[in-house]
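Dear colleague,

Please find below the structure that I am handing over to you. The findings follow directly after it.

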Amino acid sequence: MAKTSKIMKQRKREDIVERFAERRLQYKKDSVNPHLSQEERNAAMNRLQALPRDASPTRLRNRDSTDGRPRGYLRKFGLSRITMRELAHRGELPGVTKSSW
């Protein structure tokens, strides 16, 4: 189980990324647009750099949806390897079976 503060910080980052997504995309397009003047591109780059750090999607961390564990994350399930294994053994994940040979 991850610390509650880390989970809350992640949720806050997700909100900030969502709130600034359109502006960030527009500034990025303007900063590389060859039809704009150099001053306009520089202004767009300055506006992009003035956005909060947490507005960047690369600051997000994939976390287990049940307990917030940051490591061993499986994208297909949205769970950590430990939680996925426990749920699979209990038969709570549809389509997942224990293999044996």
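The model is a predicted one, in which local features need pLDDT of at least 70 and side-chain atom pairs count only at pLDDT 80 or more, while totals for chains, interfaces and linings use all residues. Residues are numbered from 1 along each chain as its sequence is written, and side-chain values use heavy atoms, with hydrogens and water left out.

Helix H1

Helices (H or I, at least four residues) and strands (E, at least two) are DSSP runs, numbered from the N terminus. Helix H1 covers residues 4–32, and its 29 residues should span 42 Å at 1.5 Å a residue; the end C-alpha atoms are 40 Å apart, which agrees. The expected span is 1.5 Å times one less than the number of residues.

Which residues of H1 are buried? They are Ile7, Gln10, Arg13, Ile16, Val17, Phe20, Arg24, Tyr27, Asp30 and Ser31. An α-helix has 3.6 residues a turn, so residues three or four places apart point the same way. Helix H2 (38–50) is included in what covers the buried residues of H1.

Two residues of H1 illustrate the range of accessibility. Thr4 is found in H1 and is exposed, because its relative accessible area is 54%. The C-alpha atoms of Thr4 and Lys29 are separated by 37 Å, the two residues being 25 residues apart along the chain. Ser31, also placed in H1, counts as buried at 14% relative accessibility. Leaving aside neighbours within four places in sequence, Ser31 is in contact (heavy atoms within 4.5 Å) with Arg41, Ala44 and Met45. The C-alpha atoms of Ser31 and Leu48, 17 residues apart along the chain, are separated by 8.5 Å.

Salt bridges

Side chains of opposite charge can pair when their charged atoms come close. A salt bridge is counted where a side-chain nitrogen of Lys or Arg lies within 4 Å of a carboxyl oxygen of Asp or Glu. How many salt bridges does the structure hold? There are three.

One of them joins the side chains of Asp54 and Arg13, at 3.2 Å from N to O. Arg13 is buried, since its relative accessible area is 18%. Apart from neighbours within four places in sequence, Arg13 is in contact with Asp54, Arg59 and Leu60.

Asp54 also forms a salt bridge with Arg59, the closest N and O atoms being 3.0 Å apart. Arg59 is partly exposed, with a relative accessible area of 35%. A further salt bridge pairs Glu92 with Arg90, where the closest N and O atoms are 3.3 Å apart. Arg90 counts as exposed at 52% relative accessibility. Salt bridges that share partners join Arg13, Asp54 and Arg59 into one network.

Asp67 lies in the loop between H2 and strand E1 (73–74). Asp67 is buried yet has no salt bridge, and the nearest side chain of opposite charge, Arg69, is 6.0 Å away. For charge, Lys and Arg count as positive and Asp and Glu as negative, while His and the chain ends are not counted. The backbone nitrogen of Arg69, however, lies 3.2 Å from a polar atom of the Asp67 side chain. Beyond neighbours within four places in sequence, Asp67 is in contact with Met1, Ala2, Ile7 and Thr83.

Ala2 is found in the segment before H1 and is buried, with a relative accessible area of 13%. Leaving aside neighbours within four places in sequence, the contacts of Ala2 are Ile7, Arg63, Asp67, Gly68 and Arg69. Ala2 and Val17 are 15 residues apart in sequence and 22 Å apart in space, C-alpha to C-alpha.

Technical notes: Buried means under 20% relative accessible area, exposed over 50%, partly exposed in between (1.4 Å probe, protein chains only). A polar contact is a pair of N or O atoms within 3.5 Å; within protein, one must be able to donate a hydrogen and the other to accept it, and residues adjacent in sequence count only if both atoms are side-chain atoms.
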